[in-house]
Amino acid sequence: KRRPTSVHEASADEEEFNRDNREMMQETEHMDAHFVIGEEKVPAHKSILTARAEYFKALFRKDAEFRDSKECLISVDANTFTTQHIRWVLDFIYTNRVQDICDVNTDDLLFLLHLADQWLLRDLKRLVEHELIRSHMSVETVARLYGATEEFHAKRLSRACIDFIMNNLRQLAGNANFEDEMKQYPHLCIPVLKAAADLIPEPAQKKQRRHAPSAPSTADPAGSSP
């Protein structure tokens, strides 16, 4: 006889889970860590930070001698980042997503890519790269995105930029903005040149020489002298 199929309870709604986590971000009573941006502080739960990122786990280890580690402070460069950047990072740390990421502009996404690389948030980096490739790559922005890939170790974005350049060579060749941007990263032109070279078919004569059978040797195997 066929056994009756067991009925499992439906799992919890993911949206409800994310909503609960966002509410936890608003509850400051039990928060014991702070991101410090200039004169401002953004609170967070140390346990959540250390569970989600090896960077914070190392920062807050018990034998750390740094004052910031003992006081559970994360110093952030106020000349580069804003509290909103930190809130987007925390949104991802708590819920594994960035709410309304489609509304975040290109510059802010690059700042998020910077923080994701700095704090070793691999999945956040992947999310930001995907969004930049999907919605922000254009003739006007590709050089800036490509330039950021080396500094922030964004390999997926780098490959996408090279593919975009190859597919839009005619438009980019006469684009002054693209030329000015790429002057800042001359060494990044080498991968582009290699990709362009792969698109050029080899001359027929070179192919023939490469695949032609080698002529039999006429040398005397005994090596006799005249």
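The model is predicted, so local features need pLDDT of at least 70, side-chain atom pairs count only at pLDDT 80 or more, and totals for chains, interfaces and linings use all residues. Residues are numbered from 1 along each chain as its sequence is written, and side-chain values use heavy atoms, leaving out hydrogens and water. Helices (H or I, at least four residues) and strands (E, at least two) are DSSP runs, numbered from the N terminus.

- Three strands make an open sheet in the order 2-1-3, with mixed pairing (strands pair if DSSP finds at least two bridges between them).
- Strand 2 (40–44) and strand 3 (73–76) sit at the edges with a single partner strand each, so one side of each has no neighbour in the sheet.
- Strand 1 (residues 33–37) pairs with strand 2 in the antiparallel sense over 5 bridges.
- Look for His34, whose bridge partner in strand 2 is Pro43.

**Helix 7**
- Helix 7 covers residues 122–136, which makes 15 residues.
- Leu124, Lys125, Val128, Glu129, Glu131, Leu132 and His136 of helix 7 are buried (under 20% relative accessible area, with a 1.4 Å probe and protein chains only; exposed is over 50%, partly exposed in between).
- Seen down the axis, those buried residues fall within an arc of 165 degrees, so they line one face of helix 7 (the arc is that of the directions from the helix axis to the C-beta atoms).
- Over on the other side of helix 7, Arg122 and Arg134 are exposed.

Methods:
Expected span 1.5 Å × (residues − 1).
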